Amino acid sequence: MTLSRKPWIVVALGLVVLATIVRLAINFSSTYPPGIDAAYYPLQTRSWLLHGRLMYDDLPLIFWLNAGVAKLLMARGWELDAALLEASRVVDCLGPPWIAAFVMPAGYVWSGGRRTPLAGCAAAALMTTL
């Protein structure tokens, strides 16, 4: 690892951790996840698990992830609806923060490894994750 990459790596990992903590605090601050479409993800995942298809046409990746986490929770004794709600929260907290892990290397390459654009790139990565 060269010296010029180290600050970029530290900032990228710091952003992932910070965004994960913020998303955990928001998602688990109330009984139900906040947001206009908070029930959409558990509903679609429930349809996927029970009927083998999504209720509404949509890209399936997020629902596959939710279904996998929900199945793990159900294997530990959770009931279906509680597992779906929890899985939706967990995937929402752990998935999107890793966008920073892709934005930061792109910024590093585009800047040629210079440190000057590090703050701007970190701000862009933070905006995409939160």
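**Helix packing and a few residues**

Modeller: Let's start with a helix pair: helix α1 (residues 5-27) packs against α5 with an angle of about 155 degrees, and the two axes are 9 Å apart. Keep in mind that this is a predicted model.

Colleague: Which way do α1 and α5 run, roughly parallel or roughly antiparallel?
Modeller: The angle between α1 and α5 is about 155 degrees. Anything over 145 counts as roughly antiparallel. So the label for α1 and α5 is roughly antiparallel.

Colleague: And is the crossing of α1 and α5 left-handed or right-handed?
Modeller: The axes of α1 and α5 are 9 Å apart. As for the hand, α1 passes α5 in a crossing that is right-handed.

Colleague: How do α5 and α6 sit relative to each other, roughly parallel or roughly antiparallel?
Modeller: Helix α5 (residues 100-111) meets helix α6 (residues 118-129) at about 155 degrees, axes 9 Å apart. The cut-off is over 145. So α5 relative to α6 is roughly antiparallel.

Colleague: How many charged residues are there in the contact of α5 with α6?
Modeller: α5 passes α6 in a right-handed crossing. From α5 come Ala100, Val103, Met104 and Gly107, while α6 brings Leu118, Cys121, Ala122, Ala125, Thr128 and Thr129. By class that's 7 nonpolar and 3 polar, and the count of charged residues is: no charged.

Colleague: Cysteines next. Is Cys121 buried or exposed, and how many disulfides does the structure hold?
Modeller: Cys121 has 11% relative accessibility, so it counts as buried. Cys93 is at 0%, so it counts as buried too. A disulfide would be a covalent bond between the sulfur atoms of two cysteines. For the structure, the number of disulfides is 0.

Colleague: Over to helix α2. Why does Thr45 count as buried?
Modeller: Thr45 is found in α2. Not counting residues up to four places away in sequence, Thr45 touches Phe63, Asn66, Ala67 and Leu84. Buried means under 20%. Thr45 counts as buried because its relative accessibility is 1%.

Colleague: What is the relative accessible area of Tyr41?
Modeller: Tyr41 is found in helix α2 (residues 40-51). Leaving out residues up to four places away in sequence, Tyr41 touches Ile62, Phe63, Asn66 and Ser88. Tyr41 is partly exposed, and its relative accessible area is 27%.

Colleague: How far apart in space are Tyr41 and Phe63?
Modeller: Phe63 is one of the residues that Tyr41 touches. They are 22 residues apart in sequence, and C-alpha to C-alpha in space they are apart by 7.0 Å.

Colleague: Last one: is Arg53 buried or exposed?
Modeller: Arg53 sits in the loop between α2 and α3 (61-75). Leaving aside neighbours within four places in sequence, Arg53 is in contact with Ser47 and Trp48. Arg53 and Met74 are 21 residues apart in sequence and 19 Å apart in space, C-alpha to C-alpha. With a relative accessible area of 51%, Arg53 is exposed.

Methods
Residues are numbered from 1 along each chain as its sequence is written. This is a predicted model: local features need pLDDT of at least 70, side-chain atom pairs count only at pLDDT 80 or more; totals for chains, interfaces and linings use all residues. Side-chain values use heavy atoms; hydrogens and water are left out. Helices (H or I, at least four residues) and strands (E, at least two) are DSSP runs, numbered from the N terminus. Buried means under 20% relative accessible area, exposed over 50%, partly exposed in between (1.4 Å probe, protein chains only). Contact means heavy atoms within 4.5 Å. A disulfide is a pair of cysteine sulfur atoms within 2.5 Å. Axes are lines fitted to C-alpha atoms, for helices over the stretch in contact, and angles run from 0 to 180 degrees between N-to-C directions. Angles under 35 degrees count as roughly parallel, over 145 as roughly antiparallel, 65 to 115 as roughly perpendicular and the rest as oblique. A crossing is left-handed if the near helix is turned anticlockwise from the far one by less than a right angle, and right-handed if clockwise. Ala, Val, Leu, Ile, Met, Phe, Trp, Tyr, Cys and Pro count as nonpolar, Asp, Glu, Lys and Arg as charged, and the others, Gly among them, as polar.
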